[in-house]
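Open the model in your viewer and follow the selections below in order. Each stop says what to pick and what is found there.

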Amino acid sequence: MLRFRNYWSYSVGLAIAWAVALILILMIRGSESAQTTLLVFFGFCIGWVSTTIARYVYPPPKRWELNRR
C-alpha cells in the first residue's frame with residue numbers, strides 16, 4: 001500500500017474527485033453554476049501546478065528523505 005503513497009497517485013485521485021464533482025454539479029445545478037465551479041477548478045489547477053513546480057525547484061532536505069523510509 002505504501003507504493004501508492006506518492007504525489008502522482010494523489011494527483012490522479014484529485015483529478016478523479018474534481019471530475020466527479022463537476023459532473024454532479026452540472027447535472028444537479030445546471031451550466032450556470034458549473035461555470036462558477038469551473039473558475040474555482042481553474043484556480044485550483046493554477047495552485048497545483050505552482051506547487052508541483054516548487055516541489056522540483058526546492059526539494060525537501062535530505063534529512064527528511066532519510067526518515068521517510
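Select Tyr-7 and show its surroundings: apart from neighbours within four places in sequence, Tyr-7 contacts Trp-48, Thr-51, Thr-52 and Arg-55. Keep in mind that this is a predicted model. Tyr-7 belongs to helix H1, residues 7-29. Its relative accessible area is 14%, under the 20% cut-off, so Tyr-7 counts as buried.

Next, draw a C-alpha to C-alpha distance from Tyr-7 to Arg-55. The two are 48 residues apart in sequence, and the distance reads 9.8 Å.

A polar contact of 2.7 Å links the side chain of Thr-52 to that of Tyr-7. Thr-52 sits in helix H2, which covers residues 31-57. Is Thr-52 buried or exposed? With a relative accessible area of 15%, again under 20%, Thr-52 is buried.

Step back to H1 as a whole and colour its buried residues: Tyr-7, Ser-11, Leu-14, Trp-18 and Leu-22.

Then check the length of H1. At 1.5 Å a residue, its 23 residues should span 33 Å, and the end C-alpha atoms lie 32 Å apart, so the two values agree.

Which residue follows H1? Select Gly-30, where phi is positive, near 100°. From there, H2 can be picked up as residues 31-57.

Methods: Residues are numbered from 1 along each chain as its sequence is written. This is a predicted model: local features need pLDDT of at least 70, side-chain atom pairs count only at pLDDT 80 or more; totals for chains, interfaces and linings use all residues. Side-chain values use heavy atoms; hydrogens and water are left out. Helices (H or I, at least four residues) and strands (E, at least two) are DSSP runs, numbered from the N terminus. Buried means under 20% relative accessible area, exposed over 50%, partly exposed in between (1.4 Å probe, protein chains only). A polar contact is a pair of N or O atoms within 3.5 Å; within protein, one must be able to donate a hydrogen and the other to accept it, and residues adjacent in sequence count only if both atoms are side-chain atoms. Contact means heavy atoms within 4.5 Å. The expected span of a helix is 1.5 Å times one less than its number of residues.
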